[in-house]
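Subject: Structure for your files

Hello,

Here is the structure we spoke about. My notes follow below it.

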Amino acid sequence: MIARSGYMSPEYAIDGLFSVKSDVFSFGVLVLETVSGKKNRGFYHPDHDFNLLGHAWRLWIEERPMKLIDSLIEKPVPTSELLKSIHVGLLCVQLRPEDRPTMSSVVLMLDSDNPILPQPKQPGFYTERSLTETDSSSTGKRFYTQNQVTVTVLEGR
């Protein structure tokens, strides 16, 4: 199941339950988007159909989190700070609200030089998704469609 909004926590999207941990989830998505330079919603990777959270989780469990970092991030940003950001972002987007830290804990984690962080658990909305696609069997490429809207504004003379 996937939220229509890339920032919506699973408990709110599915059950309409909102808490301070819902905001933590949204913050975690923003952290991962900032580090990766990609948006959660509409994320595409040629090797899989995960969203950004699933992609970040996959890289984390494969012990390749540096692959998530946007190559356009201006240097010098210490690698340890980027890895800590990914780690904290994944803690914030864990599926179960009770597993997520509070925002005050997040601030302390990000502000500390050498925080001892727990291992993150699987994020919410981690499953593969199916988008509207046209598969070209001759090329093996998938083409995704986007809805487009035009607006006409009329102004008087």
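What covers the buried residues of helix 4? The cover includes helix 2, helix 3 and helix 5 (103-111). Buried here means under 20% relative accessible area, with exposed over 50% and partly exposed in between (1.4 Å probe, protein chains only).

Some ground rules before the rest. This is a predicted model, in which local features need pLDDT of at least 70, side-chain atom pairs count only at pLDDT 80 or more, and totals for chains, interfaces and linings use all residues. Residues are numbered from 1 along each chain as its sequence is written, and side-chain values use heavy atoms, with hydrogens and water left out.

Overall: the protein has five helices and two strands, in the order α-α-α-α-α-β-β along the sequence. Helices (H or I, at least four residues) and strands (E, at least two) are DSSP runs, numbered from the N terminus. Of its 157 residues, 38% count as buried. Among contacts (heavy atoms within 4.5 Å) with a separation of 6 or more, 62% are between residues 24 or more positions apart.

Helix 4: this helix takes in residues 79-92, and its 14 residues reach 20 Å from first C-alpha to last, close to the 20 Å expected at 1.5 Å a residue. That expected span is 1.5 Å times one less than the number of residues. Because 10 of the 14 residues are buried, helix 4 is largely enclosed by the rest of the structure. The buried residues include Leu82, Ile86, Val88 and Leu91, and also Lys84 and His87.

Cysteine 92: this residue lies in helix 4 and has 0% relative accessibility, so it counts as buried. Leaving out residues up to four places away in sequence, cysteine 92 touches Val24, Phe25, Phe27, Gly28, Arg100, Pro101 and Val106. Cysteine 92 and phenylalanine 27 are 65 residues apart along the chain, yet their C-alpha atoms are separated by 7.1 Å.

Helices 2 and 3: the axes of helix 2 (residues 20-36) and helix 3 (residues 52-61) come within 10 Å and cross at roughly 70°. The two helices are therefore roughly perpendicular, a term that covers 65 to 115 degrees, with under 35 counted as roughly parallel, over 145 as roughly antiparallel and the rest as oblique. Axes are lines fitted to C-alpha atoms, for helices over the stretch in contact, and angles run from 0 to 180 degrees between N-to-C directions. Phe25, Val29, Leu32, Glu33 and Ser36 of helix 2 meet Leu52, Leu53 and Ala56 of helix 3.

Regards
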